[in-house]
Amino acid sequence: MERNWRLGDDLIPSDNILDSLTFDDLILSARHTSTVTPEAVRKNLKDMLEGRLEDMWFLVENNMDIIIKTALKGRM
């Protein structure tokens with residue numbers, strides 16, 4: 001079954017919008033590069049962060065209508 005990535009369907013409000021990055025993630029990524037240098041580690045981190053930001057923006061845009069509707073419900 002393919003996910004819809006929609007609040008109220010296969011996402012809940014307490015789900016993360018932006019996945020975390022750990023030192024373990026960065027170390028594993030560096031381990032799989034041809035050269036482990038400060039520049040390579042920085043590039044890996046930048047690439048990882050850009051991928052997570054891309055995912056975050058997809059989730060927000062895909063759920064913008066629900067985010068706004070839910071935010072407006074809480075107003076008086």
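**Briefing: pocket, surface patch and salt bridges**

The model is predicted, so local features need pLDDT of at least 70 and side-chain atom pairs count only at pLDDT 80 or more, while totals for chains, interfaces and linings use all residues. Residues are numbered from 1 along each chain as its sequence is written, and side-chain values use heavy atoms, with hydrogens and water left out.

**Backbone and burial**

- Trp-5 is not a glycine, yet it has a positive phi of about 60°.
- With a relative accessible area of 34%, Trp-5 is partly exposed; buried means under 20%, exposed over 50%, and partly exposed in between (1.4 Å probe, protein chains only).
- Ala-30 lies in helix 1 and counts as buried, at 9% relative accessibility.
- Between the C-alpha atoms of Ala-30 and Val-41 there are 5.8 Å, although the two residues are 11 apart along the chain.

**The largest pocket**

- Rolling a probe the size of a water molecule over the atoms shows where empty space is left.
- The largest pocket holds about 280 Å³ of space.
- Its lining consists of 14 residues, and Leu-7, Ile-12, Pro-13, Ile-17 and Ile-67 are the closest to the pocket centre.
- A pocket is an open set of points on a 1 Å grid over the protein atoms alone, where a 1.4 Å probe fits, with protein on both sides within 12 Å along at least five of seven lines; lining residues have an atom within 4 Å of a point.
- Grid points are joined across faces, edges and corners, and the volume is the space filled by probe spheres set on the points.
- Helix 2 (38-62) and helix 3 (64-73) each supply at least two residues of this lining, and the largest share, 3 residues, comes from helix 3.
- By class, the lining has 9 nonpolar, 4 polar and 1 charged residues; Ala, Val, Leu, Ile, Met, Phe, Trp, Tyr, Cys and Pro count as nonpolar, Asp, Glu, Lys and Arg as charged, and the others, Gly among them, as polar.

**A nonpolar surface patch**

- Ile-17, Leu-18, Leu-21, Leu-45, Leu-49, Leu-53 and Trp-57 form a nonpolar patch with about 580 Å² of accessible area together.
- Patch residues have over 30% relative accessible area and no salt bridge, and nonpolar side chains (Val, Leu, Ile, Met, Phe, Trp, Tyr) are joined within 5 Å.
- Accessible areas come from the Shrake-Rupley method with a 1.4 Å probe.
- Trp-57, one of the patch residues, lies in helix 2.

**Salt bridges**

- The structure holds 5 salt bridges, each a side-chain nitrogen of Lys or Arg within 4 Å of a carboxyl oxygen of Asp or Glu.
- Arg-52 and Asp-25 meet through their side chains in one of them, at 3.8 Å from N to O.
- Arg-52 lies in helix 2 and Asp-25 in helix 1 (residues 23-31), so this pair ties together parts that are 27 residues apart in sequence.
- Asp-25 counts as partly exposed, at 27% relative accessibility.
- In another, the side chains of Asp-10 and Arg-3 meet at 3.7 Å, N to O; Asp-10 is partly exposed at 23%, and Arg-3 is partly exposed at 37%.
- Glu-50 forms a salt bridge with Lys-46, with the closest N and O atoms 3.5 Å apart.
- Both Glu-50 and Lys-46 lie in helix 2, 4 residues apart, which is about one turn of the helix.
- Glu-50 is partly exposed at 40% relative accessible area, whereas Lys-46 is exposed at 53%.

Notes
Patch = residues over 30% accessible without salt bridge, like charges linked within 9 Å, V, L, I, M, F, W, Y side chains within 5 Å.
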